[in-house]
Structure formats: C-alpha cells, structure tokens
Amino acid sequence: MLSKIAPRSAIRAARPASLFSRALATEATQNDDLITIDLPESSFETYNLDAPELSFQTNKSTLLQMYKDMIIIRRMEMASDALYKAKKIRGFCHLSVGQEAIAVGIENAINTNDSVITSYRCHGFTYMRGASVKAVLAELMGRRSGVSYGKGGSMHMYAKGFYGGNGIVGAQIPLGAGLAFAHKYKNEPNVSFTLYGDGAANQGQVFEAFNMAKLWNLPAVFCCENNKYGMGTAAARSSAMTDYYKRGQYIPGLKVNGMDALAVYQASKYAKDWILSGNGPIVLEYETYRYGGHSMSDPGTTYRTREEIQHMRSRNDPISGLKQHLLEQNIATEEEIKSWDKAARKYVDEQCAEAEASPAPEAKMDILFEDVYVPGSEVPTLRGRLSDDTWDFNKKGFLHDVRVE
Amino acid sequence: MFSVRAFSRASTGVVRFQNVNVRLFHASVLRAAATKFGMPAMSPTMDKGGVVEWKFKEGEAYSSGDVLLEVETDKAQIDVEAQDDGILAKILLPNGSKDIPVGRTIAYLAEPEDDISKLEFPKEEATEAPKKQEPKKQEPKKPETAPKKASKPISAEAGIFNKANPSQTLFPSVSTLLESNGISKEDALEKIEATGPNGRLLKGDVLFYLGKISKESAGAIATYFKAHEKLDLSNIQGAPIKAESSDSATEAKSSSDAAVPAKPSIPEPKVIKQSFDLSSIVELREASLGKVKPFTIYEFVSEAVKKSQTYALQRHPVKSDFYDDLFEDIISIPSRVDRFKVNFKINQPESKVTPSVGQPSIFDLLTEVKSAPSTESHETPTVEVELVINEQVADAEEKAKLFMKKFDEFVNVT
C-alpha cells in the first residue's frame, strides 16, 4: 500500500535526474502521458497583464503526484492539530488546512534552484521543498530529528531552496526581494516566490520591496495568499482595497483561484516564464480559504459563520476538486483514490509515531550554540551579554568557568 | 479545526496502525476497530474540561467540519469540530460530565463505512498514559537542586545578610507574607535579616525566616549581585595577533589544562589531484636556449604554480547587470584567505624522482641541475599537482578548479 504513496523525500532524492528524464520522456510518450486541462474562465483575473492560457497540457503523473502531496499535507496538518490538542505540541502553530493547493501548485511549477520564502504558515511548503513528514512533526514536538533540530518549532522550518517560515508578519517580503536579487546578481535563470497573507499585505515593507523589485527588475514573484481573514478580521474590514493583485500599482498582477491546484500550477508557471523573459516582478493573488482558525488559539468562528466554512469545504475544497479532475479524465478510479487516502493516513500516522518516539535534544549548553555558525566557519568565541556568557567554540563550553552547577 | 480522528489515532498509536494494515490487505475482515476519542485540550492552559453537549447521537454519522460536541473549559465553552468523516460509535461520558482530564477517552469513533454492530472496542489503557507522563517530567529537576545546594556555599555571608533598614516601605509581596503569618511590621524589621540593597527586606528573607527556604536560596540573588556589582575586567585577554596563532593558543591552553576536551576531529580534507605532461615545456626550454635566461623544469613549474595561484585568487566577475566591485568587496571572501595548499611532484624519467613539496631543499636543486642534460631522453617528464582544499571557505573548490585550468594553460604551451 505504502509504495503507492511514495514519501516526498524519496521522490526528492531522485528528482534532479527524474525531472530531466521526465522532460525527455514527454516527447516520446506524448499521447500516453499527456492530458489536456481546461480551466474555467473564472480561474484568473488580470491587472496590466495578458491572462495565462486556460487550456494547457500536463502529465498524468504530475496530476497524481499533486493529489498525493495534497492529501499528505492535509493529513500532516490534521495530525499537528491532534498533537496540539493532546498537548504534545506547544507554543505557536498555524495550520494550512484548506490552503494545500498553493504549496503543491507552486512546487510543481518551479524547480529546486528556485527559491521560496513564506510566513509562519509553513508546514506544507517545508514538506513540498523536501523535508519529510517525520521531520516536520518532530520539529513541532521539539525533537532532535526535526528540520531545525527541534529548536525552531512551527514558524522556523527550512529546506534546500526554502528560506523558511518567518515569525514576523511581512518581514519575509523584503527577504524574498533579496533572494530575487541574488538570482539576478548571479545571472541564474531562477526566480524567487515570496508568499504573504492578506493581513501582511498592508505592511509598509511590502511596498518598499515592490519598489526595489520593480526598480531593478528583479525576478521576484510576490504571492499574496488571500485566505479572506487576517488574525480575527475579515479582509474587507482591514484593507482599503481588497484586490491584492492590483496592489503593485506599477507591477502587473494576476488573481488566481487558490482553491484549484491546477490553476495555481498554471499561474505559477506562467509567472516564472513571464519573469524569465525579462519582464520584471509580478504580483499574484491566490484566493484561498482556511478551514481552521488563524492559529491554534483561534476557534475561527467568531468573525465568520460556521455555514460559510462548511460551504467552502463542500464546494471549493482543493482536494475534492482535483479528485474530480482525476475521475473525469479517467486517470484514477474511485477505489484507487480511496486506497491512496488510506495509505496517506497510514503513512502520516507512522511518521507521526516515529517523530514522537524520537528523542528531544539533550540538555547540553553545546546544543544551544551549535547552529549559530556553519560548523567550521565559527569565530573562536561568541560574545555574550556578560563576559561570563562568552562561549568558546573550541572548548565547547563557556570561556570562563564561573558557573556552579 | 479539531481532527477527531487524527487525535484519537495519535493517542492510540500502534494498535490502530496494525488494524489499518489488516483491513487494507484483507477486505473480508469484518470486525473493524473503533478509535478512541480523547478529551481535547482546547487551549494550551487547559488541563481539565467538561462535556456540555454531544451534538450527535450514538450511531450517527458526521462529516468533516461538523460540530461533534461542546466542551467546557475554565474560560469558555468551545465547539469541537470533526475534521474527518466518521461515525460516533459510542459515548462514554454523557452530557454534563465535568473535570475530565485532557486525553481521557470520552467516546469511540468509527470510520464511515464501518458496521457499528460489529465494532471492536479497544481496551481502556490510554486513560492512564497522560497521567504517567506528568511525574516523568518532574523527575529530572530533582537531582539538579540537590548538588546545587551542596556545591554552592555562600562565601561572603557576612556582607549579604544585613540588618533591615527600619525606615523602609515594605514590598507588597513582603507585607502580604507578613500579614498572612501574623508578624507585625516592627517585629519583622527587628528580627528578620535583609538581603536587599540598603537593608531592604525581600520576600526570600521572610521565607527564610519562616523556615520555608534554605539560607543559600535566600542569599543567592544577593551573592550574585555582589559578585557582579563591580565590573571585573581581570579576565579580558588580548586577541591573538595572527589568525594562525589561534591554533598554538588552543594547544597551549590544552596543555595547561588537561580537562579541556580535545578539539573536534576535522574531517579528511578534500584533495584534487591532476598530473600534467611536461613535454611541451622541455621543447620550449630547448627552443628558448640562448634567447632568455636559462631555467630548470622545477623553476618553471614553481613559477607557474605561483602565477596560477594569483590568477585563481583574483576576482572573476560574473556576467550580471548588477555586478559592482564595491558590492563584491562586501559579499566576497578576501583573496588573502587560504583556499588550498599546493603540493607538486615532478617525475623525471632519467634522473631519480625528485619529490619537492613546497620549498625545495638544496638537494632538490642539485639533482635538478644534474638531471638537466639528461632530459633529452625520449620519455617525457610529468608533474603531479595536488591541491588540499580548505573546505571551510565556500569558494575554495571553485578557486582550485580555476588554478588547475590556468596551470594547464601554462604547462601546455604549443
């Protein structure tokens, strides 16, 4: 059963080669593998931009992988929710149940050399950029096997080409512009995807980043994940203009149905191509919905009705939407999909149990300082507030032994 | 919001996984197992809660997003949503149950297609699990406090416990404590020794007076402040003058203090090796006889090494709209940083092998001179270049490759 849902990390390991061979294979097995997708007209809205093609071709295997990734992310988020309520995860925790299509759609449209940076709602992106479910859940539980060795928690997860969850609202946007600058400086054919919420879109630093990105024509995709509610407030109550894709003013924009993984995929791919043909930055708005509260301390029903949530769940769910595609195009049968769902649940449960069984970091001072510098590039001593707090990297202890244990 | 199913699974652990396994491979197995649904913690501070009302009856099916029950905490009543489809198989704790510890099983759930009449209920074990965890967490704290007391005697006790200043306003914490223990203010100022600044009574002083904490604890803060009230600059050391001498400094330190742990073992350094044919140099040497100052192969190779090294460490601008020397100065590693060490060995066919690592000895030079006429043999000399890369520098390997490229250009002049 498990082989049907291959863990992402395993796919990742083989990715550079497989990606290449897949591109070649497309030519050879065109009629077998390729299918045509027709997106509804309402998928895109544009601002100073030509809309992407509504009809495009893609591989069956891409579609299947997208579906499997989405159900794994959802299961992972549900497991996080349960662990939080069993008090095994403490502190901050922001879940993306309902918003899975964005992480999955973007990842399939870009390659490993592109960079992604996002806000604190980062579990799905971390998984899609190559971290295992176990590593994400272990990080949440503060285990040594976590992506940040159990020291980062929910908001501080990283992977190769993924510059993390960022705890400060909106602070990742200038950083994303910086990542784009690095791509341009090194003359690489890559772009940076910077994600932020509709709440963060009103931050001043967003517009500073927009200005510099346009001024220097940086390969930056600014992606607003508009889930319609900030922390406790509806977008319309906090924003003078809720057309976030028009917020770039001098930067063209594209509004995308963020509840459809295929629309997200097509838009992200379009954005990347558009930038790489030298057009400068672009603003995307993925219109999506989160089923849960803003964070674990928000019941999520004080500023919206339960009927609204149920309506979105039953009508617009990204997973059900893609499932419908798979069934309509005869790519998979109902039974197959059911078996994947079960396998995904089993896989996440197993990873969860493994994560829970793995040990917490040892209570050693050494562990506290180990990630300040890349090993080997440390300064001899790291100054603390007091001379007593000065840490010696060679000695792996405080420079002056004044502490009495 | 609250994933009922995932929660119960997370708490029941392995038992459940095996069951899924069985059902996936043998569809004919009829008896499905119910999953436990534990009392959820609806806020990080919630330890206990009550069931206000179950919104579903036993045997009813629910879908994701439905409110399963209303839970009461010390602060509010909160709806618990199901995130997965399922059937409420059995309710263990009815409406109105109070003070249920978080994690205790309050109901059994089943999957949508399960037949409830044939459901297998797991044995009640999980209830005890969360309770067991609590004492476990407290255990490591205990041994910590014991040695602390033993090993930290208050050295300058005399200066720490002073007579209380009679004209002070008591802290609220102090006056409350005195009040609740029936001590008058006058009595307190008379009898209790103060550790605060200028004879101020602290809460710890009263607690010590009441015999609730040890003298060490009462004096700990004052001792710490006393130790740090004067800026102690005695332990400031001059920085080592050269970066290289930091090694010798640590060595000296470790020899003086045997307890210092050994330096972390450095992984094997990466080495790039390449061998070059020197026949074109031999030809070049013959052709240039009389035109330029005569040179030996060794001289040529060491000069080529030097020149290639200079070339490699030079800045090589990337082709970019933004390339700027000033900016590059900020972001790049300075050229003086050691990227790699060069070792080379010239193999000459006629004469004996002349190993020369770095600086040549006088014997190298002598053999070189002697072997000079013998280079007219048919076999050609070669040079083996070995670069030991300093992997701590990010661009070391890139620079080493540039070195090899340039060196190749030097020795293959045609």
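Start by selecting strand E5 (residues 192-197) of chain A, where five of the six residues are buried (buried means under 20% relative accessible area with a 1.4 Å probe, protein chains only). Strands here are DSSP runs of E, at least two residues long, and helices are runs of H or I, at least four, numbered from the N terminus. A word on the source: this is a predicted model, local features need pLDDT of at least 70, side-chain atom pairs count only at pLDDT 80 or more, and totals for chains, interfaces and linings use all residues. Residues are numbered from 1 along each chain as its sequence is written, chains are lettered from A, and side-chain values use heavy atoms, leaving out hydrogens and water.

Click A:Val116 and its bridge partner A:Phe193. A:Phe193 also has a bridge partner in E6(A), namely A:Val221. Show all of strand E6 (residues 220-226) of chain A and you'll have six parallel bridges to E5(A).

Next, jump to helix H13 (residues 318-328) of chain A and colour its buried residues: A:Pro318, A:Ile319, A:Leu322, A:His325 and A:Leu326. Look down the axis: these buried residues fall within an arc of 120° (taken from the directions from the helix axis to the C-beta atoms), so they line one face of H13(A).

Definitions and conventions: Buried means under 20% relative accessible area, exposed over 50%, partly exposed in between (1.4 Å probe, protein chains only). Two strands pair if DSSP finds at least two bridges between them.
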